Amino acid sequence: MTILGKSILKKEAWDKVNGSAKYNVDEVVKNVLHAKMLTSIYAHAKIISIDTSKALREPGVKSIITGNDFDILFGTIINDRPPIAKDKVRYYGEPVAVVVADSEQTAQHAASMIEIEYEPLPVVNSVSEAIKEDAPLIHEYLMNYTRELPYVYPQANTNIYDIVKIRKGDMNRGWSESEVIVEGNFTIPQADHAAMEVRNVRSEILNDGTVLISTSTQAPFSVKEYISKHFKLDEGKIIVHTPLVGGAFGGKAAVQLELIAYLASRSVGGRPVKIANSREDDISSSPCKMGLEARIKIGADSSGKIKAAEMVFIVDGGAYSDISPRLAKAIAVDCSGPYNIENLSCDSKSVYTNHVYATSFRGFSHASHAFCIERMMDKLALKLGIDPLELRLRNAIFEEDHSPTQVKITKNNTGNLALCIEKLKQLINWDEGIKIDLDNGKVRTKGISCFWKTSNSPTDASSGVFLSFNYDGSINLNCGVVEIGPGTKTTLAQILAEKMKMDVDKINVVMNVNTQSSPKHWKTVASMSTYMAGKATLRAAEDLIGQLKSVAAMVLRCTPEDLEVENMRVFLKQDPTIFIAFKDIVNGYQYQNGNSIEGQILGRGSFIMSRLTHLDPETGEGKAGPSWALGAQAVELEFDKADYTYRLIKAATVIDAGRVLNPLAAKGLIMGGMNMGLGLGSREEFLYGIDGTILTTSFRTYKLMRYGENPEYLVDFVETPDISAPYGARGIAEHGIIGIPGALGNAIALAAEIDVDQIPITPEYIWKKKQGGNR
């Protein structure tokens with residue numbers, strides 16, 4: 001490789017550094033109106049009445065919409081959510097009315113004048129409460145809802161709206177072969193994506209019925225599809241535009257504000273309407289990271305080889321289903337962690353609560369699930385007296401093993417976990433000792449974890465790429481991937497430059513996505529964009545090369561097979577001095593007498609997932625994703641035994657990336673994930689009052705990692721190419737987060753000598769554990 005494998009600047013880097021990069025909220029539109037939401041002050045209540053009369057009389061107010069103005073239920077998998085609450089509210093912060101006015105201030109003031117009468121209902125404040133036999137039903141008509149997919153299994157007269165089962169091997173044999181058994185119960189709260197750019201949308205309806213949506217989203221084509229389907233509109237009349245996105249982490253894959261913005265524009269005759277969350281609304285009203293409760297039982301022989309595992313994961317999907325069934329499925333598919341467990345039973349359930357509803361979050365449920373598994377591995381190591389790193393090596397998944405869904409493991413589809421562990425051992429200096437008592441009343445400890453993740457995308461997820469030439473022979477690359485920060489479009493430019501054997505600076509990338517002119521890309525999620533759009537880019541490049549050779553063959557009087565492409569020219573293989581430049585043929589070729597042949601050379605390539613299957617509802621057998629990316633992580637910290645505080649010293653990751661296409665960008669991507677993992681593990685959480693009121697609605701109460709609190713980050717790679725991927729590269733965008741909370745938990749458990757069973761791990765939590773109480 002000549003272009004790939006080198007560190008290059010992201011295509012949009014200078015614009016972001018000098019402040020000229022344009023995000024959705026930056027676009028100035030004349031005569032735009034502003035919408036503000038009034039949200040529920042109850043977590044669960046009937047709406048008795050809504051009086052908007054005073055608000056409507058406020059100067060500058062153009063319209064007010066409520067759930068009574070339309071009859072629609074929306075959902076990604078189950079249609080259970082009204083865009084604006086109707087009849088009752090199901091979480092604190094749920095939109096109950098939207099005011100459209102000529103300024104944000106007027107809209108906000110008018111919203112405060114709306115009078116709503118509620119009848120409070122019993123609040124379901126945890127999944128353990130939700131699954132009780134006498135639990136209040138959050139959705140009384142669950143079985144009447146339309147399901148977008150057949151592979152979802154709601155349970156009548158319960159708050160359970162999906163169950164994914166894994167049944168592998170012989171559990172009786174596994175338990176009979178187990179000489180040691182460990183058990184654990186875990187709780188993980190909901191959390192916020194905390195992207196720098198809050199969610200924001202602008203909608204306009206033109207006179208001919210064309211709907212224009214400009215939105216900060218990871219899924220512009222889903223926005224188009226859902227608005228068309230649920231509002232019975234011609235899909236060709238819906239145009240969704242997405243510029244650069246200021247961070248997303250899964251939170252902007254959900255479709256929420258786009259529906260409200262469309263309804264708001266419709267209520268004022270199609271005029272442009274803008275709606276932008278405040279930070280408080282972004283936390284409490286828009287979807288969040290899921291919560292989780294888990295029970296795990298693991299059996300092993302005296303050597304540490306795991307013989308059986310029984311698991312129950314209960315996903316807190318909040319008030320509405322959204323993507324939670326897929327989150328639960330992702331847990332089930334990878335429930336063993338990157339370990340070979342031949343006898344396995346797992347139930348992964350999605351449950352309604354009166355919490356903010358959940359959507360995808362970086363790692364797609366794996367960071368939560370991995371915390372549970374990795375704590376169990378350390379509990380097993382402690383009971384057996386085996387080094388935690390050695391225990392993981394003994395159970396590491398290898399070729400010829402099988403995943404929980406019974407997919408055969410190969411180096412190609414999975415990578416080399418053992419090599420990752422060995423590299424991590426050196427990187428973190430494991431052999432110096434994982435617990436060192438210092439002279440100042442402090443102790444320094446290290447915790448380890450392993451991780452893996454496959455994509456769990458729809459079996460028909462697809463991506464497309466268009467290529468066109470400029471007069472100078474440079475190439476324009478247009479695709480539906482949204483640039484949300486990782487530099488995916490730069491990577492695609494590198495892939496194209498590598499295939500075309502030309503300078504990457506001659507590849508011009510269309511940064512914005514427009515559903516009318518950009519080819520469809522499923523969603524910019526799941527660490528699949530490089531894989532999917534990269535494959536489409538290679539096919540588009542092959543299309544270009546074929547056309548270039550065809551035209552050049554006519555000009556150079558040879559066959560296309562005699563030609564090669566490199567450095568923006570087509571030349572004879574046997575005599576490279578005989579060539580024609582791209583610029584002379586990409587818009588057709590003109591002979592000396594004026595005759596012209598061919599025309600513009602336009603390339604196109606597409607890709608669709610292949611050989612993925614739905615899971616068997618009873619056993620879970622099936623193939624959910626094309627391949628895995630796996631690795632090992634560690635956290636080193638210094639713990640104060642007097643006041644139970646701790647300081648993060650180092651965090652390390654070794655990941656099998658298949659092939660590293662842009663080393664510095666890849667390291668930055670992993671480091672960003674590690675930072676998020678430390679935030680989740682040490683401080684980030686939604687706190688709810690007993691009445692379901694969310695108490696952490698701003699960055700004053702919702703704590704993030706801050707400058708100066710970060711440890712030294714260490715990142716290294718193993719390269720076991722995935723031959724199904726572009727140049728062997730595995731998706732790694734999410735993976736830096738996955739194992740960090742578990743590694744942190746293991747380091748603190750060792751330092752404080754407690755059984756860590758939940759995150760975030762605060763000094764208060766450690767104190768209570770040391771005192772023998774619960775949180």
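**Entry 1**

I began with Leu9, which I located in the segment before helix 1 (13-18). For the element names I used DSSP runs (H or I of at least four residues for helices, E of at least two for strands), numbered from the N terminus. The model is predicted, so I took local features only at pLDDT of at least 70 and side-chain atom pairs only at pLDDT 80 or more, while totals for chains, interfaces and linings use all residues. Residues are numbered from 1 along each chain as its sequence is written, and side-chain values use heavy atoms, with hydrogens and water left out.

I looked up the accessibility of Leu9 and found a relative accessible area of 57%, so Leu9 is exposed. The classes I applied are buried under 20% relative accessible area, exposed over 50% and partly exposed in between, with a 1.4 Å probe and protein chains only. Leu9, Trp14 and Val17 together make a nonpolar surface patch of about 400 Å². Such patches take residues with over 30% relative accessible area and no salt bridge; nonpolar side chains (Val, Leu, Ile, Met, Phe, Trp, Tyr) are joined within 5 Å, and like charges within 9 Å. The areas come from the Shrake-Rupley method with a 1.4 Å probe, and for residues only the protein chains shown count as cover.

**Entry 1. Aromatic pairs**

The criterion covers rings of Phe, Tyr and Trp (its six-membered ring) with centres within 6.5 Å; planes under 30 degrees apart are stacked, over 60 edge-to-face and the rest tilted. I recorded Tyr320 as buried at 0% relative accessible area, and Tyr357 as buried at 0%.

I also recorded Phe639 and Tyr644 as a stacked pair, with 6.4 Å from centre to centre and 20 degrees between the planes. Both Phe639 and Tyr644 are buried. Returning to the tyrosines, I found that ring pairs link Tyr91, Tyr320 and Tyr357 into a cluster.

**Entry 2. Charges over rings**

I looked for charges over ring faces (NZ of Lys or CZ of Arg within 6 Å of the ring centre and within 35 degrees of the ring normal). Lys297 lies over the face of Trp175, 4.6 Å from the ring centre. Arg569 lies over the face of Phe579 at 4.5 Å from the ring centre.

I placed Glu638 in strand 30 (residues 629-640) and read its relative accessible area as 11%, which makes Glu638 buried. The side chain of Glu638 makes a polar contact of 3.4 Å with the side chain of Arg444. A polar contact is a pair of N or O atoms within 3.5 Å; within protein, one must be able to donate a hydrogen and the other to accept it, and residues adjacent in sequence count only if both atoms are side-chain atoms.

I found Asp656 in strand 31 (residues 646-656), where Asp656 is buried with a relative accessible area of 0%. What does the side chain of Asp656 reach at 2.9 Å? I identified the backbone nitrogen of Asn416. A further polar contact, of 2.7 Å, joins the side chains of Asp656 and Thr720.

**Entry 3. Salt bridges**

I searched the whole structure for salt bridges (a side-chain nitrogen of Lys or Arg within 4 Å of a carboxyl oxygen of Asp or Glu), and the search returned 36. In one of them, the side chains of Glu753 and Lys435 meet at 3.0 Å, N to O. Glu753 lies in the loop between helix 17 (740-752) and helix 18 (763-770) and Lys435 in strand 18 (residues 435-437), so the pair ties together parts 318 residues apart in sequence. I recorded Glu753 as exposed at 59% and Lys435 as partly exposed at 33%.

Asp437 forms a salt bridge with Lys641, the closest N and O atoms being 3.4 Å apart. Asp437 is in strand 18 and Lys641 in the loop between strand 30 and strand 31, so parts 204 residues apart in sequence are tied together. I noted Asp437 as exposed at 52% and Lys641 as partly exposed at 42%.

Finally, I found Lys442, Arg444, Glu636, Glu638 and Arg647 linked in a network of salt bridges.
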